[in-house]
Amino acid sequence: MADYGTPHFQNDGGHGVIEIGVAEFMCVGATPPYDHPHVFLDMGDEGEKVCPYCSTLYKLNTTLKRDESVPPGCLYRTRAA
């Protein structure tokens with residue numbers, strides 16, 4: 001994934017809550033081939049958003065960079081073919 005654009009996050013660990021450093025992002029569910037439709041989510045003023053497909057709760061943590069998450073390792077990176 002390039003350093004620009006909308007970051008994608010996945011939840012392979014089945015975490016109930018994932019903190020991320022951006023308010024606009026894509027949720028992919030789990031790593032393909034176990035993913036769901038890649039859905040764009042915007043936290044708006046609420047600072048949190050539930051994915052309508054996998055029910056992961058994402059919370060905004062402004063101390064994190066755009067490619068960081070708590071727990072770590074939830075940023076989805078496309079693998080080269």
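How many bridges join β2 to strand β6, and in which sense do the two run? Strand β2 and strand β6 (residues 57–60) are joined by 4 bridges and run parallel.

## Basis of the model

The model is predicted: local features need pLDDT of at least 70, side-chain atom pairs count only at pLDDT 80 or more, and totals for chains, interfaces and linings use all residues. Residues are numbered from 1 along each chain as its sequence is written, and side-chain values use heavy atoms, with hydrogens and water left out.

The protein chain contains 0 helices and 7 strands (DSSP runs numbered from the N terminus: H or I of at least four residues for helices, E of at least two for strands). Strands count as paired if DSSP finds at least two bridges between them.

Strand β2 spans residues 17–20; I18 and I20 form its covered face, whereas V17 and E19 form the uncovered one.

## Overall dimensions and burial

The C-alpha trace spans about 35 × 25 × 20 Å along its principal axes.

Of the 81 residues, 35% count as buried, meaning under 20% relative accessible area with a 1.4 Å probe, protein chains only.

Conventions: Buried < 20%, exposed > 50% of the residue type's maximum accessible area, 1.4 Å probe, protein only.
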